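Dear colleague,

I am passing the structure on to you with this email, and my notes on what was found in it follow below.

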Amino acid sequence: MTTATVSRWDRFRESFLWYSFKRDKVAIVSFVVLMLMVLAAVFAPLLAPADPYDLAQINIMNSELPPAGLAGSDPAFPLGTDAQGRDMLSTILYGTQVSLMIGFGAVVLQAALGILFGLLAGYLGGRVDAVLMRIADVQLSFSTLMVAIIVGAVFKASFGNLMFGEIAIYMLIFIIGVSEWPQIARTVRASVLAEKKKEYVDAAKVMGFSTPRIMFRHILPNTLSPIFVIATVQIANAIISEAALSFLGLGMPETQPSLGSLIKSGFDYIQSGSWWITLLPGLVLVVLVLVINLLGDWLRDVMNPRLYKG
Amino acid sequence: MLAFLVQRISQAFLVMFVISVIAFAIQDGLGDPLQQMVGMSVSQEEREALRDELGLNDSVVVQYLRFAGNALQGDLGNSYFYSKPTLEVIAEHLPATLELVIGASLIIVVFSVPIGVYSAIRPQAWLSKFFMGISTVGISIPVFLTAIMLIQLFSIGVTVSAFPEDTGWGQWLNDFFSTEGGLPSYGRGDELTHLFGTWESGFFSESGLMHLVLPSVSLASIMLPLFIRLIRAEMMEVLQSDYIRYARAKGLSAGRINFLHALKNTMLPVITVGGVQIGIMVAYTILTETVFQWPGVGLMFLEAITRSDIPLIVAYLMVVGLIFVITNTLVDLIYGLVNPTVKLTGKKA
Amino acid sequence: MALLEVRDLDVRFAVRGGDLTALRGISFSLDKGERLGLVGESGAGKSVAAFSILNLIAKPGYIAGGQILFEGRDLAAMSERELRKIRGNRIAMIFQDPMMTLNPVLTIGTQMVEAILAHRKISKKEARAIALDRLQKVQIPSPGKRLDQYPHELSGGMRQRVIIAIALLLDPEIIVADEPTTALDVTIQAEIMDLLLDLCEQENVALMLITHDLGVVSQVTQRMLVMYSGRIIEQGPTREIINDAQHPYTQGLINALPQLGEPGARLFQIPGSMPSLKNVPTGCPFHPRCNFATEQCKHSMPDYVRSGNVDVACYEVANLIEQEKHMQEAES
């Protein structure tokens with residue numbers, strides 16, 4: 001067992017992926033920043049000075065204090081406080097955790113849907129393909145954000161505000177996952193169509209393997225690298241979608257804020273000069289999305305063999 | 001030509017049908033017109049009688065057909081909140097959104113084409129790399145955040161005093177990083193010009209135009225990086241093609257090769273994608289209009305959601321769906337007209 | 001003085017981890033009105049050689065050394081501006097695939113007129129008249145109609161006729177034709193080739209014909225070059241080479257021609273395949289496939305030796321010539 005892991009590690013160290021990662025400063029910096037943010041978010045309960053969910057810790061007297069270094073700041077609140085007197089650093093740490101959870105969860109869901117529908121469409125072809133891809137086309141031309149807003153609106157109307165707030169995290173994962181599946185499905189379908197023509201698929205058919213077995217055990221592993229690339233970028237998109245929905249009031253409630261709902265609640269105070277309540281979580285959101293996008297760009301460049309043809 | 005038209009238009013009808021089914025399902029599932037009409041105080045029998053009268057006990061198919069028939073006649077019910085026909089409400093709000101989209105599209109076209117072309121022709125130039133870097137950052141900033149930052153910078157203004165004020169350069173740096181603000185960030189202003197029907201335009205007064213600046217820049221900010229990247233990628237691919245090399249072999253000037261031979265071939269796919277993106281822009285108008293309290297259909301839609309104004313939500317879906325379908329069909333037709341290799345039979349030659 | 005003289009041309013491709021040499025020490029000349037064939041398997045560097053004459057090699061390729069003298073002026077050292085005056089005007093090119101060569105979104109007329117106006121200060125109307133005249137020369141059916149058509153409305157054969165017409169627009173001195181008929185239907189290949197040759201003869205244009213088809217070269221050219229792995233390994237009068245090829249590779253090519261072998265006999269094949277640019281063997285690049293290869297062939301590239309009017313780069317040939325000389329000396 002140990003030898004196997006060692007050799008896998010060695011193989012990774014000799015791989016092209018690792019080689020190009022070492023040489024790409026942007027990729028390294030992005031990766032380090034992303035890892036720091038993920039760790040900070042995961043360990044938010046340990047790192048945060050206060051628990052923003054605990055009403056007892058909040059003192060309204062502390063509201064709208066500016067970050068350290070500005071006139072009127074309080075050393076207890078290095079990033080200032082929001083309008084309810086919550087410590088900004090803590091809310092941002094917890095908010096990042098919520099945003100990452102939703103982003104990651106939504107991509108897992110859309111990958112599951114996208115892989116299933118993409119495989120079915122690509123491998124079975126014919127009417128299944130036509131119907132699935134038509135749905136994907138319409139959904140994409142409507143824009144995934146629009147679909148998410150509509151589904152969110154419908155859910156909110158049918159569940160009511162209170163109920164929606166309680167299960168918001170799962171709702172958002174569901175909404176974003178369902179609205180974004182066509183992206184991955186298309187990628188999977190395209191690679192399946194390319195793989196289907198190859199000899200090993202014919203060989204598997206001749207050997208009498210079942211269709212699901214051929215699809216999942218033989219074709220799927222060969223389509224993983226484009227899925228991996230697009231899934232990375234989709235995490236960034238899901239985080240943005242979540243923030244957009246929360247900003248519109250269709251996402252996380254203020255009592256359990258994500259980065260998007262922090263930005264929303266801070267926006268009301270920007271005119272009174274308390275810019276930090278909205279712009280600090282905004283900055284965190286941008287950095288988070290940017291590093292994921294940069295990593296996605298790098299992965300695409302490394303894994304896309306088209307670039308090496310010329 | 002005819003076959004192409006028929007194919008596209010029947011496709012459009014199919015999509016509209018699906019949208020109407022969804023809209024109907026939402027209305028059927030969420031809206032209880034009885035509740036809105038009579039409140040809680042009416043007895044069960046009376047309710048049943050009313051349900052029968054309103055046709056709510058008919059089969060789903062019959063109800064849908066009635067819904068669709070009314071929709072075709074331009075009747076999508078009355079808004080609970082505004083107490084008037086939903087289409088009328090939308091007609092009042094639509095011009096504001098259209099002007100916002102027009103403003104943003106202008107910004108996108110004016111900037112994306114030259115920047116995209118330049119960075120395709122000179123991929124190694126530092127300016128190209130700068131534009132590419134900016135566009136990656138741009139894609140990563142959600143539209144509402146861009147809007148908020150623009151408000152902070154150009155509406156509220158920023159006063160920087162981090163540098164020592166007693167030195168000349170400190171003062172200069174403070175001034176350099178400070179912004180005036182003053183641009184309007186709320187609504188469309190009150191100097192609107194009546195054009196026709198429900199169209200009140202902000203294009204004809206200074207105040208109207210000033211109000212348009214920040215919202216349209218915000219809305220453009222999300223699409224501009226995509227278009228720059230798209231134009232650049234397409235153009236770079238075209239520049240690799242044989243006919244470009246052949247154009248060089250004919251001794252043509254670089255200008256003619258880049259701006260006629262290459263650009264014309266680049267713009268064809270860009271038109272298609274661009275058309276689709278206009279549809280996508282509608283989704284982003286909801287965000288932009290929310291930030292700037294821009295009285296368009298996006299803000300109206302969001303308010304309808306918070307007010308549970310189901311008929312207005314449904315009407316918005318139908319109208320936006322119709323706009324999508326029409327733009328997509330038009331884009332297909334225009335593409336067919338512009339591209340000589342599409343023979344308008346629906347197949348590529 | 002020759003019309004075109006290429007001296008010691010080196011072309012390289014700048015890729016990750018160093019340069020790849022695509023052409024090495026290419027030297028040949030082309031006289032006014034002459035027809036020169038350039039043969040070799042795909043990957044031998046024929047197309048690179050063709051494109052390098054007008055400095056049109058696709059990036060990351062570049063000319064690393066040598067001269068391309070056209071009427072005594074070095075095209076390799078010329079500015080882009082100066083080169084543009086020669087491209088299409090004094091030296092015209094015909095590309096391999098007519099389906100890809102014409103711009104799909106511009107009419108034939110536009111693409112012909114712009115080529116004239118790039119070099120002549122005349123009106124559009126006059127340019128259109130010239131275009132029409134050339135279309136008539138290439139015997140295209142209803143030439144007037146073609147000017148307003150788009151490339152996709154024409155068949156492959158017609159498109160190649162248009163491209164020949166474009167090549168003739170400005171009465172060039174040289175036409176470089178890169179496999180002008182390979183992409184066409186077999187049935188019209190001969191037709192198009194005949195047309196090209198007739199017109200070159202009529203207008204007294206020198207033709208550099210790049211092809212892998214030894215049959216065509218033997219029928220239409222006066223002199224030929226044989227390329228292998230980026231080098232010219234044999235060059236001289238076509239008839240002499242076809243009748244009595246010196247280099248083992250050229251011999252192999254000729255033996256592989258079906259019409260020259262015995263009817264019903266199995267076709268000869270040169271064992272192995274041409275090396276890729278990334279791993280060109282040391283010494284003579286042909287040695288791994290050569291029956292006569294010796295230790296010497298593995299280590300150094302042979303110089304050219306002259307046998308009759310043919311220049312050959314081969315140690316075996318050099319040895320034979322040497323032996324013959326000794327025998328003659330011994331006899332006399």
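Helices (H or I, at least four residues) and strands (E, at least two) are taken here as DSSP runs, numbered from the N terminus. The model is a predicted one, in which local features need pLDDT of at least 70 and side-chain atom pairs count only at pLDDT 80 or more, whereas totals for chains, interfaces and linings use all residues. Residues are numbered from 1 along each chain as its sequence is written, and chains are lettered from A and ligands numbered from 1 in the order in which they are written.

Chain A has 14 helices and zero strands, and its C-alpha atoms fill a box of roughly 75 × 50 × 40 Å along the principal axes. Of the 310 residues in chain A, 44% are buried (20 or more other C-beta atoms within 10 Å of the residue's own, with C-beta atoms placed from the backbone).

The unreviewed UniProt entry places the feature "transmembrane region" at several spans of chain A, including residues 98-123 and 227-253; such annotations may be inferred rather than shown by experiment. In the model, residues 98-123 of chain A are 100% helix, with end C-alpha atoms 37 Å apart, while residues 227-253 of chain A are 78% helix, with end C-alpha atoms 32 Å apart.

Between chains, 20 residues of chain B are in contact with 24 residues of chain C, where contact means that the C-beta atoms, placed from the backbone, lie within 7 Å. Helix 10 of chain B gives the most to the side of chain B that touches chain C, with seven residues.

With best wishes

Methods
A residue is buried if 20 or more other C-beta atoms lie within 10 Å of its own, exposed if 12 or fewer, and partly exposed in between; C-beta atoms are placed from the backbone. Two residues are in contact if their C-beta atoms, placed from the backbone, lie within 7 Å.
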